Amino acid sequence: MKQSEHRNKMNRSPSNSQLADQKNKIQKNVFHPKNEGEPSQDPDQTFSVSSSVDDTAQKGMEAVCKAQILPALPADKKPGQTDSQDSICEIVHDLLPLYTEGLASPASVLLIEKHLESCPDCTIQLRTLQEAEPKIQSSLADHTLTCALKKTHKAMRRNHILLTVLLVFCLALGSILAWSSYQNVRMNADDVYIASQNESGKNQLTLELKTTSPKEGFLSSSVQEVENGIYTVDLYGGAGLFDQSKTMELSFTQPVHEIRVGEELIYQDGQLITAMCRFFAPYLNGEAKDIQQMQLSRPSFTIDNKPLQLHMEADTKSSPAIWTWKIENGNLNDIPEPQLQAYKDTALIALALTQNLKEIRIQGMDGQSVVFSREELGKYLTNFSSDSKLETEAELQILLNALHPVAG
């Protein structure tokens with residue numbers, strides 16, 4: 001469209017011959033006026049112009065010619081600027097944004113750069129675009145970064161809430177499962193003790209059980225007779241139960257020989273078997289030459305809170321055997337009397353548990369010694385001689401109860 005308008009303007013522009021004819025007509029009208037009623041003059045007659053007409057009149061004539069013949073310039077068009085150049089500038093202005101962003105074609109780039117060499121206006125327009133581009137890009141980058149940070153913050157907050165909810169759910173589920181599993185814990189003999197026993201007539205034995213920990217309680221129980229007079233009890237309970245009981249009563253039909261909780265003995269032939277008895281039971285009828293048996297009788301004397309050093313000399317060749325604990329850094333007179341009395345129970349238990357063991361001696365560096373004999377067991381066990389031995393846990397429990405009720 002612009003090119004068509006440009007061609008129309010070029011077609012309307014007068015040629016040099018037209019300008020000359022127009023100038024002659026104006027000169028005739030100005031300098032050779034034609035009056036009505038006057039006879040026409042000879043065409044060959046010329047009207048001479050006085051030499052007094054100055055250059056000013058000539059310039060005025062030329063101005064009139066230009067005013068009538070040449071069209072007025074547009075308000076935004078500069079002198080000396082042709083319509084062709086104006087059209088090129090408009091095209092370049094349209095292409096400058098693409099040129100600035102590097103999106104123009106190679107042909108357009110060549111045209112733009114060639115035009116910029118001779119056009120200050122387009123050069124100024126290019127600089128304006130180049131200065132505004134970094135600001136626009138920076139603003140867009142800041143906006144993009146802000147949006148990204150907001151999205152990230154929202155995502156992190158959402159994930160934090162989800163993780164918190166998941167953690168609370170896992171903790172609650174774990175607590176429920178732990179509580180549910182703990183309320184059905186199977187108890188063993190060390191978790192309970194027999195508080196009392198009651199024989200109702202000749203055919204009924206009732207035991208009252210309590211837990212060793214005040215925080216725990218009973219939930220359920222089951223009793224099964226394995227053999228005639230031998231029972232196995234399964235106890236279930238735990239801590240923090242809503243329906244737990246502090247005591248549990250169990251009834252058995254007489255005669256009752258043994259009662260076990262799981263695999264451990266708690267009752268035998270009328271004796272309530274304690275934890276100490278269960279500890280010593282594996283050593284019943286041990287051999288005198290067994291080192292583990294010897295360690296059962298090891299003393300733990302101290303003088304001024306310093307332990308005495310002792311070593312064992314065992315005479316196991318003779319029968320019955322004799323164990324002698326020799327003090328390496330002290331004498332018997334240095335040992336406090338309460339420690340010797342307490343050791344007497346330990347020595348008698350070792351003598352009762354070990355076959356063919358006659359004596360246990362404690363000897364100081366000065367040669368003085370104290371002797372604990374097997375014959376002393378007769379004071380605590382009925383019909384017990386130097387040749388006797390303990391056969392059952394019930395007999396061992398009788399000895400423990402006799403030596404020391406607390407220990408038993």
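A crossing of two helices is left-handed if the near helix is turned anticlockwise from the far one by less than a right angle, and right-handed if clockwise. By that rule, α9 and α10 cross in a right-handed way. The model is predicted: local features need pLDDT of at least 70, side-chain atom pairs count only at pLDDT 80 or more, and totals for chains, interfaces and linings use all residues. Residues are numbered from 1 along each chain as its sequence is written, and side-chain values use heavy atoms, leaving out hydrogens and water.

Helices (H or I, at least four residues) and strands (E, at least two) are DSSP runs, numbered from the N terminus. Two strands pair if DSSP finds at least two bridges between them.

**The four-stranded sheet**
- Four strands form an open sheet with mixed pairing, in the order β12-β13-β14-β15.
- β12 (310-315) and β15 (369-373) are the edge strands, and each pairs on one side only.
- From one strand to the next, the twist averages 20°.
- Strand β14 (residues 357-363) runs antiparallel to β15, and five bridges join them.
- Ile360 stands opposite Phe372 in β15.
- Helix α9 (residues 337-353) packs on this sheet and touches β13 (321-327), β14 and β15; contact means heavy atoms within 4.5 Å.
- The direction of α9 makes about 155° with that of β14. Axes are lines fitted to C-alpha atoms, for helices over the stretch in contact, and angles run from 0 to 180 degrees between N-to-C directions.

**The helix pair**
- α9 also packs with helix α10 (residues 393-403), at an angle of about 165° and with the axes 11 Å apart.
- The two helices, α9 and α10, are therefore roughly antiparallel (angles under 35 degrees count as roughly parallel, over 145 as roughly antiparallel, 65 to 115 as roughly perpendicular and the rest as oblique).
- On α9, the contact is made by Asp345, Leu348, Ile349, Ala352 and Leu353.
- On α10, Leu396, Leu399, Leu400 and Leu403 make it.

**The three-stranded sheet**
- Three strands form an open, antiparallel sheet in the order β2-β3-β6.
- β2 (192-200) and β6 (247-253) each have a single partner strand, so one side of each is left without a neighbour in the sheet.
- The twist averages 20° from one strand to the next here.
- Seven bridges join strand β3 (residues 204-211) to β6, and the two run antiparallel.
- Lys210 stands opposite Thr247 in β6.

**Cysteines**
- The structure holds zero disulfides (pairs of cysteine sulfur atoms within 2.5 Å).
- Cys147 is partly exposed, at 29% relative accessible area. Buried means under 20%, exposed over 50%, and partly exposed in between (1.4 Å probe, protein chains only).
- Cys170 counts as partly exposed, at 42%.
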